[in-house]
Amino acid sequence: MERKTLRGIRHLTLRRVRRCGSTEDLARVFPSLTELTIEHLDGTAPDLSALRRIAGLTIRVVSSGKRP
């Protein structure tokens, strides 16, 4: 499988995230992010340590109640 990088994406919002595994893929695919918002459904903060390598990235995690 070919691995793509989307360098033009600066702002990303992930909605209704139920499980958040490693953020290695996010860091690799979106190396130019400056703003990331994650709407996390189960209330526990995801491990975002892999995103530390993106200089200047602002991360916002919003805990949201489960929805149908």
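Select Leu 14 and then look across to β2, where its bridge partner is Ile 38; helices (H or I, at least four residues) and strands (E, at least two) are DSSP runs, numbered from the N terminus. The model is predicted, so to speak of local features requires pLDDT of at least 70 and side-chain atom pairs count only at pLDDT 80 or more, while totals for chains, interfaces and linings use all residues. Residues are numbered from 1 along each chain as its sequence is written, and side-chain values use heavy atoms, with hydrogens and water left out.

Next, select residues 11-17, which form strand β1, and follow its parallel pairing with β2 over 5 bridges; two strands count as paired if DSSP finds at least two bridges between them.

Now select strand β2 itself, residues 35-40, which is largely enclosed by the rest of the structure because 5 of its 6 residues are buried (under 20% relative accessible area, with a 1.4 Å probe and protein chains only). Strand β3, residues 58-63, runs parallel to β2 and is joined to it by 6 bridges, and within this pairing Leu 36 stands opposite Ile 59.

Finally, select Leu 26, which touches Leu 12, Leu 14, Leu 36 and Leu 51, residues up to four places away in sequence not being counted; contact here means heavy atoms within 4.5 Å.

Methods. Buried means under 20% relative accessible area, exposed over 50%, partly exposed in between (1.4 Å probe, protein chains only).
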